[in-house]
Amino acid sequence: MLLQSERYQREWRELEEEFQQLQETHKVYRQKLEELNNLQAACSSSIRKQKRKLKDLKYSLQRCKHKSSPEESDLIQQINTQIKDRQNIFFDMEAYLPKRNGFAYKDEYEKFKLYLTIILLLGAVACRFILHYRVTDEVFNFLLVWYYCTLTIRESILINNGSRIKGWWVSHHYVSTFLSGVMLTWPDGLMYQMFRNQFLAFSIFQSCVQFLQYYYQSGCLYRLCALGKRNHLDLTVEGFQSWMWRGLTFLLPFLFFGHFWQLYNAITLFELSRHTECKEWQVFVLALTFLLLFLGNFLTTLKVVHTKLQKNEDEMKKL
């Protein structure tokens with residue numbers, strides 16, 4: 001038994017030495033990577049500056065060409081030829097520089113999400129309290145379809161580039177896209193008018209919660225990325241994940257309230273589908289879709305909360 005303990009201690013010391021060496025290597029790697037990124041940024045900036053100046057020069061030469069002498073025309077032609085050659089050189093240079101990187105695309109994704117959330121909030125408020133027209137409702141629903149379609153495409157690109165978003169939250173936007181599409185096709189009538197205000201009120205609440213989520217999740221992600229606990233390509237999501245626990249638990253009541261509102265929407269639509277005047281297929285389909293959203297959101301959030309509480313209990317027992 002004593003020999004085994006010595007062997008374990010020796011293996012641990014060897015692993016510790018390798019780990020220390022790995023940390024030093026990673027530190028050097030990050031320094032070199034930062035230097036490389038700075039060089040890439042400097043080259044890209046210089047190329048853009050040169051291109052802009054060459055474009056201005058080419059435009060000036062074009063204006064002077066009609067009033068120039070034969071000798072000046074030859075000189076202008078030579079300069080234009082050199083400008084063209086220079087542009088080819090820039091093309092070769094840019095081939096060795098990185099294209100739009102994942103971090104920039106992730107930032108654009110987050111900004112797009114924030115701006116559209118604000119626009120959707122204003123649109124829902126306008127439709128609920130000011131614009132009582134079917135055509136404005138259609139514009140709002142079309143914007144919802146376009147928004148969720150765009151999110152699914154951008155998220156797929158970010159996931160391929162290393163963003164760690166998986167499970168239900170990947171499927172959530174696909175279901176939301178389908179729901180918005182069905183709402184868009186729902187014709188005006190008694191059933192639609194009976195559900196309209198409830199749906200718009202839900203959209204207002206949902207946009208407000210998404211705005212709060214974005215604000216606090218962004219801050220939490222920034223802090224965790226700075227500590228090296230999260231990937232820089234991780235995204236804000238509509239739901240709740242374990243890394244949001246600290247400082248974001250105040251959002252849970254709002255999230256659960258939104259989940260049960262989705263259930264309330266489903267129940268309302270199921271009742272409308274049994275109405276004697278109901279002839280639209282959209283009513284029952286929307287009821288099923290809202291029910292699916294409720295089950296996915298509620299069960300996923302409940303699972304995260306249960307897992308986190310259980311983990312906290314285990315850590316307290318160890319102490």
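Trainee: How many residues does α5 have, and how far does α5 reach from its first C-alpha to its last?
Mentor: Helix α5 has 18 residues and reaches 26 Å, close to the 26 Å expected at 1.5 Å a residue. The expected span is 1.5 Å times one less than the number of residues. Helices here are DSSP runs (H or I, at least four residues), while strands are E runs of at least two, numbered from the N terminus.

Trainee: Before we go on, what kind of model is this?
Mentor: This is a predicted model, where local features need pLDDT of at least 70, side-chain atom pairs count only at pLDDT 80 or more, and totals for chains, interfaces and linings use all residues. Residues are numbered from 1 along each chain as its sequence is written, and side-chain values use heavy atoms, with hydrogens and water left out.

Trainee: Okay, back to α5. Which of its residues are buried?
Mentor: Among them are Trp168, Trp169, His172, His173, Leu179, Ser180 and Met183. Buried means under 20% relative accessible area, exposed means over 50%, and partly exposed is in between (1.4 Å probe, protein chains only).

Trainee: How do α4 and α5 pack?
Mentor: Helix α4 (residues 134–160) and helix α5 (residues 168–185) pack at about 160 degrees, with their axes 9 Å apart. That makes α4 roughly antiparallel to α5, since angles over 145 degrees count that way, under 35 as roughly parallel, 65 to 115 as roughly perpendicular and the rest as oblique. The contact residues divide into eleven nonpolar, eight polar and three charged.

Trainee: Can you give me one pair of residues from there? Where does Leu144 lie?
Mentor: Leu144 lies in helix α4, and Leu144 is buried, with a relative accessible area of 8%. The C-alpha atoms of Leu144 and Ser180 are separated by 6.0 Å, although the two are 36 residues apart along the chain.

Trainee: Last one: how many helices and strands does the protein have?
Mentor: The protein has nine helices and zero strands. Of its 319 residues, 37% count as buried.

Key: Axes fitted to C-alpha atoms, helices over the stretch in contact; angles between N-to-C directions. Nonpolar A, V, L, I, M, F, W, Y, C, P; charged D, E, K, R; others polar.
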